[in-house]
Amino acid sequence: MSEKNSPNIWLIWLALMLALSVYFTFLLIEGEDKSVFMPGELTGGHHQIGIACDACHGESFSDKDEMQDKCVECHGEQRQKPFDSHPRSKFTDPRNADRLKNIDATYCVSCHVEHKPDLADKTGVTQAKDFCVHCHQEIAEDRPSHKGMEFDTCASAGCHNYHNNRALYTDFLVKHMDEPDVLEKPAVVEKEFASVLEEIMTYPHASYPVKALTHKDIDAPANIQVKMDKAISHDWKSTAHAKSGANCTSCHMQAIDGTNKPEWTNTPDHTACETCHDVEVKHFKQGKHGMRLQQNLSAMTPADARLPMKPEAYKKKLDCNSCHQPHRYNLQTAAVDSCLECHNDKHSLAYKDSSHFELWNKELNGELPNGSGVSCATCHMPRVSVDVNDWLRRTVVQHNQNATLTPNEKMIRPVCLNCHGLGFSIDSLADEKLVNNNFNGKPSVHVESIDLAKQDNIRHLKRIQDD
Amino acid sequence: MKLSKLIYSAGAVLTFSTLSTTVLAAGDTVPVKAMADALHLVMDSDRSVYTRKIVNRLVKKEKVIKASEHFEDDKALVLPAQMFRFGAELVQKRAKKLPDVNFTYSLQSLWPINKQNAPKTKAEKEGLKFVADNKGQNYYTEETLGGQKYFTAVYADTGVAPVCVSCHNKHKDTPKDDFKIGDVMGGVVIRIPVGM
């Protein structure tokens with residue numbers, strides 16, 4: 001019996017194998033979700049785009065230089081001086097050939113290996129913690145204060161960051177060593193967009209001249225205006241959009257599917273915002289909220305996040321309109337309420353009990369001047385000075401939430417130092433308990449970096465005096 | 001990389017022809033040593049102009065701005081040494097797109113403020129010592145790094161302005177604080193890949 005049925009079993013097996021081969025080949029070539037081929041889980045920085053292998057691997061899949069280019073496409077802006085104290089250019093001189101044998105610092109993947117979750121720390125580093133030893137083994141000679149320290153402690157919270165060391169280098173520590181916990185005139189950076197609009201060459205001045213618009217100016221097609229909810233035009237009229245000439249068609253007329261013919265759409269996406277807010281959208285797509293859009297994937301949803309999110313928000317799609325309510329574009333809502341609609345971690349839940357929120361409330365109630373309050377966005381999407389091209393620097397809201405996080409010392413200069421002293425800021429960010437309770441209280445840990453810089457500075461001043 | 005790629009046609013680098021006592025014809029080549037000397041002459045002249053006409057004039061004579069190693073934070077001019085290094089980094093980046101152009105250069109010292117600029121290879125160590133001990137002479141050699149052979153030239157970098165000397169002597173990380181004007185304070189190392 002079994003011998004009689006054998007050919008059939010083999011035929012079924014063969015058909016099954018063929019079907020599977022066709023399925024996997026199709027998936028590999030045409031499928032959007034290729035995660036079935038993934039050799040290991042991705043880190044928190046890349047898991048959102050894990051289904052798009054070519055986002056990191058490129059077309060060749062394994063060419064090291066192509067993969068490096070892919071890293072630079074998303075991370076390159078932050079990997080240059082002054083934001084990076086170890087840019088690639090530091091290592092490309094042939095005199096570093098011997099050093100590169102230890103760690104090839106000209107490639108990101110030498111220290112950030114993906115698909116190896118057991119090796120990566122929370123910043124995605126997969127090198128042994130004492131990697132600094134390869135180039136700085138004689139540091140104790142230059143900095144006597146560092147004598148006896150182990151190399152696996154260099155990157156401990158508050159001491160050194162391999163990339164962004166802007167708030168932690170010795171001269172900066174010395175310059176800010178005597179600052180109080182709270183500065184005399186704490187205030188966040190002011191808005192600038194309206195005042196520089198004329199200078200922004202990419203702004204569509206010709207189509208939408210900067211002038212205040214009223215109800216009479218509404219330029220939506222007649223068939224849309226008939227159906228338009230009055231609340232929409234009312235909301236729009238209260239915005240900076242109406243005050244600066246951004247009419248209905250500015251956002252709602254979009255070229256669909258790559259055509260050059262704009263058509264009316266009821267649901268404009270981030271590409272509409274990009275017309276005037278290109279820097280903001282570019283940054284948004286570099287961060288965790290928008291990185292899927294950068295790879296032409298469907299928008300991120302809170303359900304995809306690894307941080308705790310509110311279940312009722314799981315299905316929300318993250319684009320510009322998720323945080324900036326369409327037509328209303330209330331910046332206060334976008335700065336707090338929109339965040340708390342989704343985020344459900346300890347730090348977020350503790351915000352409304354914090355002194356930062358108290359200041360924010362007082363500012364909103366008019367009890368304190370503008371710039372006194374601290375919202376979620378004040379720290380996580382701060383206003384920063386950005387070189388928008390080689391020739392122009394502007395103040396923009398940094399919509400890449402990761403630009404000031406992981407490691408959190410990246411937040412010190414663009415955020416904390418607007419209101420707090422350097423020592424207080426370093427200690428606070430190193431205190432995990434304080435981070436979790438949203439900085440409700442004073443830091444209970446102390447990072448020694450300023451003390452050590454002070455010691456070295458005293459030694460230096462004494463030497464100059466003796467000379 | 002073939003030697004032929006290391007030498008430029010005279011037509012493409014007219015500047016070099018002025019260095020030679022013989023006028024080169026189109027299609028002639030420039031020896032690798034002459035190429036290194038020519039590169040150094042350009043680098044050294046630009047460096048001197050920046051130090052004298054920009055930094056020293058604005059900082060010391062007209063006293064309108066500072067020069068600082070933390071030029072971004074201090075809103076100041078970049079130091080001459082940084083200007084030189086930024087140029088070297090840009091050259092490396094741009095040369096990647098020019099297959100016939102391949103050289104690197106760096107500013108180093110036996111007494112570096114930043115220890116990463118201390119000589120590392122045997123040629124660098126010997127070269128920097130040679131130019132410091134033999135004023136007015138350059139050092140030329142060949143070395144192999146990472147499997148590639150290089151023609152390596154070392155040129156003295158001399159403290160020409162008071163501001164160079166005083167800044168180095170006072171810097172908190174300097175290993176030498178008694179430089180005088182005219183002292184060799186370091187050297188420019190130029191590398192050109194040769195042979196294969």
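1. **Interface.** Two residues are in contact if their C-beta atoms, placed from the backbone, lie within 7 Å. In this predicted model, 22 residues of chain B are in contact with 15 residues of chain A. Helix 4 (71-74), helix 5 (80-95), strand 1 (104-108) and strand 3 (148-158) of chain B each give two or more residues to the side that touches chain A. Helix 5 of chain B has the largest share, 3 residues. Helices here are DSSP runs of H or I with at least four residues, strands are runs of E with at least two, and both are numbered from the N terminus. By class, this side of chain B has 12 charged, 8 polar and 2 nonpolar residues. Asp, Glu, Lys and Arg count as charged; Ala, Val, Leu, Ile, Met, Phe, Trp, Tyr, Cys and Pro count as nonpolar; the others, Gly among them, are polar.

2. **Conventions and confidence.** Residues are numbered from 1 along each chain as its sequence is written, while chains are lettered from A and ligands numbered from 1 in the order in which they are written. As this is a predicted model, local features need pLDDT of at least 70 and side-chain atom pairs count only at pLDDT 80 or more, but totals for chains, interfaces and linings use all residues. The predictor gives the complex an ipTM of 0.81 and a pTM of 0.87. Chain B averages a pLDDT of 88, and 88% of its residues score at least 70. pLDDT is the predictor's confidence in each residue, from 0 to 100. Which part of chain B stays under 50? Residues 1-20 do, and the model has 43 contacts beyond four places in sequence for them.

3. **Chain A overall.** Chain A has 23 helices and 4 strands. Its C-alpha trace spans about 85 × 85 × 45 Å along the principal axes. Of its 467 residues, 23% are buried. A residue is buried if 20 or more other C-beta atoms lie within 10 Å of its own, exposed if 12 or fewer, and partly exposed in between, with C-beta atoms placed from the backbone. Among contacts between residues at least 6 apart in sequence, 55% join residues at least 24 apart. The chain is divided into domain 1 (42-127) and domain 2 (204-275). These bounds come from an automatic or database domain assignment. The C-alpha centres of the two domains of chain A lie 41 Å apart.

4. **Chain B sheet.** Chain B comes to 7 helices and 4 strands. Along the sequence the pattern is α-α-α-α-α-β-α-β-β-α-β. The 4 strands form an open antiparallel sheet in the order 1-4-3-2. Strands pair if DSSP finds at least two bridges between them. Why do strand 1 and strand 2 (139-145) of chain B each have one side without a neighbour in the sheet? They stand at the edges, each with a single partner strand. The twist averages 25 degrees from one strand to the next. Helix 3 (residues 32-61) of chain B lies across strand 1, strand 2, strand 3 and strand 4 (184-193), at about 135 degrees to strand 4 of chain B. Axes are lines fitted to C-alpha atoms, for helices over the stretch in contact, and angles run from 0 to 180 degrees between N-to-C directions.

5. Strand 2 and strand 3 of chain B run antiparallel and are joined by 7 bridges. L145(B) has Q148(B) as its bridge partner. T141(B) stands opposite T152(B). The hairpin has 2 residues between the strands, and G146(B) takes a positive phi near 55 degrees.

6. **Backbone points to check in chain A.** Most residues other than glycine have a negative phi, and most peptide bonds are trans. The bond from K81(A) to P82(A) is cis, with omega near 0 degrees. P82(A) lies in the loop between helix 3 (64-75) and helix 4 (97-102) of chain A. The bond from T406(A) to P407(A) is also cis, with omega near 0 degrees. P407(A) lies in the loop between strand 4 (393-397) and helix 21 (422-430) of chain A. F61(A) has a positive phi near 80 degrees. Exposed or buried? F61(A) counts as exposed, with 11 C-beta neighbours inside 10 Å. H115(A) has a positive phi near 65 degrees, and lies in the loop between helix 4 and helix 5 (133-136) of chain A.
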